[in-house]
Amino acid sequence: YAFEAFNEPVSFPGRILQMKTLSIALVVLVLGVGTARAQSPKPITLQEALDLASKQNLDLIAARLQREVSKAGIQIARQRPNPTISFGASRDDPHEGLTYSQPIEIGGKRGRRMDVARQEGVLTDTQISALERQVRRATRDAYYNLAFSTADTARLKKVVDLAERLKQIADERFNAGAVPELEVIQAEVELARAQTDFEVAGKREKVALSQLNTLLNVAPTTSWGVADALEKPPADISLQDLLDRAYQANPDLQRLAQEEKVEMSRRSLLKAERIPDLTVEVGSDFNSPHNFDAGPRGGVSLEIPLFSRNQGEIAQSLAAQRVLESQMAATRRGVAGQVETQFLDYASRQTQVELYKQKLLPATRRLESMAEESYRAGKSGILTVMDAQRNAQTIELEYLQSLVDLQSAYATLEETVGASLP
């Protein structure tokens, strides 16, 4: 071992040189380990990705700041009218006057204004919740797109290995004089094609990783290793359960329901505003020669709702509510149709995945193996092997794509329902 050199008698300069060499080797080893750790992908599950996007996505952060705007709206609605102080001077008696007037809201206007602001705040929360569902769906799609890209890169690496093995067999048969040089060239072309596809797949994997990093709002150099396999099936769900959840949590239905509540609270405020506010005024007059130096005064004023009593505004609010009720009924029926359609699409993609997994993949892999063995034994030509390999890889790619389509259909269904599905 390297440390045994220190047991031999050496000069002092030689020992210093040995220690320096060992130190440099240790530094290089540590740096190499650190670099390997920095470059190795960090495992991440789908749930971890969803949680990270919920916390760090910039679109969600910006949207959630709207809650502070809604809170400020409640503060605005809570405010009371300001008093007015006026001072006047004239040539007539009394020469000066000072008055203080205070509008007093009656009829519960302030409370109803605050209720409108609160309902608008809930509407803002509903809109934020809808955006959260969109980000969740986009993150889920990006996560499984990365899983697909990683699996496709691994698939194409196997294709390269097969092409290399095929070229080796062609070389052996050519050297034995069993096949012409043309088959060696065909094998070389097939190998070059496989290597090109493999390199392009690596680039596509980086693109998928970049898309996920953008949604998660992490450094572009962050490398993730998908911990949940693309083959992991979503949970089984029933159509009736999905419909029940959608009626309660669909973002469009929630928004319309909340808009109805906002309209009702506005109409309640309009009715309260039909009651006129009372203005109380107190003050004093000054400098009235021969009469008084200072004299109190007071008054009360009240607007008479003779012509305008918010009739038009209330009628408009009632019409708007009828529109919202009609939209709610249409949207409810539309959501039911969307859920049913998407559920059937999801079920069909489940069937497609099972057919590929149970029948097509095993059959094509067996055919590929048999074609290679036949060519090795000299019973078939190289084109037969290449055709079998291409068919097998086409089925492999279609299988991976069917898995991505299944996950995408599940994500679309989850977004339409508006609630997290198991």
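Analyst: A residue is buried under 20% relative accessible area, exposed over 50%, and partly exposed in between. The model discussed here is predicted.

User: Is Asn 217 buried or exposed, or does its relative accessible area put it in between?

Analyst: Asn 217 sits in the loop between α6 and β4 (224-226). Its relative accessible area is 32%. Buried needs under 20% and exposed needs over 50%. Asn 217 therefore counts as partly exposed.

User: Which loop holds Asn 310, and is Asn 310 buried or exposed?

Analyst: Asn 310 lies in the loop between β6 (292-302) and α9. Its relative accessibility is 13%. The cut-off for buried is under 20%, so Asn 310 counts as buried.

User: What is the phi of Asn 310?

Analyst: Asn 310 is not a glycine, yet its phi is positive. Asn 217 is also a non-glycine residue with a positive phi, about 55 degrees there. For Asn 310 the value is about 60 degrees.

User: How are α9 and α10 oriented to each other?

Analyst: Helix α9 spans residues 311-376 and helix α10 spans 382-417. Their axes are 8 Å apart, and the packing angle is about 160 degrees. Angles over 145 degrees count as roughly antiparallel. The two helices are therefore roughly antiparallel.

User: How many nonpolar residues are in the contact of α9 with α10?

Analyst: α9 passes α10 in a left-handed crossing. The contact includes 11 polar and 9 charged residues. Its nonpolar residues number 22.

User: How are α5 and α9 oriented to each other?

Analyst: The axes of α5 and α9 come within 10 Å. They cross at roughly 20 degrees, in a left-handed crossing. Angles under 35 degrees count as roughly parallel. The pair is therefore roughly parallel.

User: Which residues of α9 make the contact with α5?

Analyst: The α5 side brings Leu 162, Arg 165, Leu 166, Ile 169, Ala 170 and Arg 173. By class, this contact has 5 nonpolar, no polar and 5 charged residues. The α9 side is Glu 368, Glu 372, Tyr 375 and Arg 376.

User: How far apart in space are Glu 372 and Arg 165, C-alpha to C-alpha?

Analyst: Glu 372 belongs to helix α9 and is buried, at 8% relative accessibility. Its contacts, leaving aside neighbours within four places in sequence, include Arg 165, Val 385 and Gln 389. Glu 372 and Arg 165 are 207 residues apart in sequence. In space, the C-alpha to C-alpha distance is 9.5 Å.

User: What is the handedness of the crossing where α7 passes α9?

Analyst: The axes of α7 and α9 come within 10 Å and cross at roughly 145 degrees. Leu 239, Leu 242, Leu 243, Ala 246 and Tyr 247 in α7 meet α9 residues including Val 335, Val 339 and Phe 343. The contact divides into 9 nonpolar, no polar and 2 charged residues. The crossing is right-handed.

User: Which residues touch the most other members of the largest nonpolar core?

Analyst: This core has 49 residues. The members that touch the most others are Leu 216, Trp 224, Leu 230, Leu 242, Val 339 and Val 417.

User: How many residues are in the second, separate core?

Analyst: Nonpolar side chains tend to be buried together in soluble globular proteins. The second core includes Leu 166, Ile 169, Ala 170 and Tyr 375. Its residue count is 10.

Notes
Residues numbered from 1 in each chain as written. Predicted model: local features only at pLDDT ≥ 70, side-chain atom pairs only at ≥ 80, totals over all residues. Heavy atoms only, no water. Axes fitted to C-alpha atoms, helices over the stretch in contact; angles between N-to-C directions. Helix = DSSP H or I, 4+ residues; strand = E, 2+ residues; numbered from the N terminus. Parallel < 35°, antiparallel > 145°, perpendicular 65-115°, else oblique. Left-handed = near helix turned anticlockwise from the far one by under 90°. Nonpolar A, V, L, I, M, F, W, Y, C, P; charged D, E, K, R; others polar. Core = buried A, V, L, I, M, F, W, Y, C linked by side-chain atoms within 4.5 Å. Buried < 20%, exposed > 50% of the residue type's maximum accessible area, 1.4 Å probe, protein only. Contact = heavy atoms within 4.5 Å.
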